Amino acid sequence: MGRTISYVIGVLTVGLVMCTKLNDYGMVMFSVHMVQHMVISMLSPILLLLGAPVTLALRALPPAPRGRKGPRELLLMFLHSRYMKIITHPAFTIPLFIASLYALYFTPIFDFLMGSKTGHIAMMVHFLAVGVVFFWPIMGVDPGPSRPGYLMRMLELFAGMPFHAFFGIALMMASEPMVTTFKHPPASLGIDALSDQNAAGGIAWAFSEIPSVLVLIALLFQWYGSEQRQAKRQDRAADRDGDRELEAYNAYLASLNTRGS
């Protein structure tokens, strides 16, 4: 139930920022666009990953007949492929996460994509994909390439989050509009481009805290659950060892009794 609720809310957050008037305002207001960016890249991926859609697919897809490869087998091959090991490695995910901010907003690429609704949607799809790739090896519950320990995952999380804060501060401290697309907002909105940019920077700076807390809580719960499962496995192993020792001792007693007779 928890996974279903999380996944549905994740889908609704994507629909909220992309299928409502927010998307229209996001084309002309930097602050609204930044809300879209933060939600779809840092909140929606977390909720979708907690829903474990890949695990559901692996349980729902039937196994292929012997000697053949069906959708389930192809999905498993993809999850454990060398490609997945590369794109989920911190050396790839953290630079990608950072480049999606600085290399996009501070280059002409952003203005080019914002020139049309299609480009804007493609940008949002990119943000969602980057968020999924970044958060999956940290707190995803779906199977995949081997993940580091929980402490290392926390370090990966905190290695990427400060760059969001630095990005927001850079926007807030700028003395002039830094993105051409939002330099001349419609007069009907009655907003100042620089003030709107400062608001966008404040959103980027403040929003990085919320996902960090959510992911940290999820990691702590996963860590606790992992420790509980490991303790149960150790208890079962100890019980089996104890039973074998008891059986061996009883056999030893039986052999003494047989020799005595």
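**Exercise 1.** State where Gln 222 is found and whether Gln 222 is buried or exposed.

*Solution.* Step 1: Gln 222 is found in helix 12 (residues 209-260); helices are DSSP runs of H or I with at least four residues, numbered from the N terminus. The model is predicted, so local features need pLDDT of at least 70 and side-chain atom pairs count only at pLDDT 80 or more, while totals for chains, interfaces and linings use all residues. Residues are numbered from 1 along each chain as its sequence is written, and side-chain values use heavy atoms, with hydrogens and water left out.

Step 1: Gln 222 has a relative accessibility of 15% and therefore counts as buried (buried is under 20% relative accessible area, exposed over 50%, partly exposed in between, with a 1.4 Å probe and protein chains only).

Step 2: Apart from neighbours within four places in sequence, Gln 222 is in contact with Leu 50, Met 139, Val 141, Tyr 150 and Arg 153, where contact means heavy atoms within 4.5 Å. The C-alpha atoms of Gln 222 and Gly 140 are separated by 9.7 Å, and these residues are 82 residues apart along the chain.

**Exercise 2.** Describe how helix 7 and helix 9 pack.

*Solution.* Step 1: Two packed helices are described by the angle between their axes and the distance between the axes. For helix 7 and helix 9 the angle is about 155° and the axes are 8 Å apart. Axes are lines fitted to C-alpha atoms, for helices over the stretch in contact, and angles run from 0 to 180 degrees between N-to-C directions.

Step 1: Helix 7 is therefore roughly antiparallel to helix 9 (under 35 degrees is roughly parallel, over 145 roughly antiparallel, 65 to 115 roughly perpendicular, the rest oblique).

Step 2: The crossing of helix 7 and helix 9 is left-handed, meaning that the near helix is turned anticlockwise from the far one by less than a right angle.

Step 3: Residues of helix 7 in the contact include Phe 92, Leu 96 and Tyr 105, and those of helix 9 include Phe 127, Val 130 and Pro 137. By class, this contact of helix 7 with helix 9 has twelve nonpolar, three polar and no charged residues (Ala, Val, Leu, Ile, Met, Phe, Trp, Tyr, Cys and Pro are nonpolar; Asp, Glu, Lys and Arg charged; the others, Gly among them, polar).

**Exercise 3.** Classify the ring pairs of Tyr 105 with Phe 127 and with Phe 167.

*Solution.* Step 1: The whole structure holds 14 aromatic pairs. Rings of Phe, Tyr and Trp (its six-membered ring) pair if their centres lie within 6.5 Å; planes under 30 degrees apart are stacked, over 60 edge-to-face and the rest tilted.

Step 1: Tyr 105 and Phe 127 have ring centres 6.4 Å apart and planes at 5°, so this pair is stacked. Tyr 105 is in helix 7 (residues 90-105) and Phe 127 in helix 9 (residues 117-139), 22 residues apart. Tyr 105 is buried at 2% relative accessible area, and Phe 127 is buried at 1%.

Step 2: For Tyr 105 and Phe 167 the centres are 5.2 Å apart and the planes at 50°, so this pair is tilted. Phe 167 lies in helix 10 (residues 150-173), so the pair ties helix 7 to a part 62 residues apart in sequence. Phe 167 is buried, as is Tyr 105.

Step 3: Ring pairs join these residues into a cluster, with Phe 30, Tyr 102 and Phe 182 among its members.

How values were computed. Helices (H or I, at least four residues) and strands (E, at least two) are DSSP runs, numbered from the N terminus.
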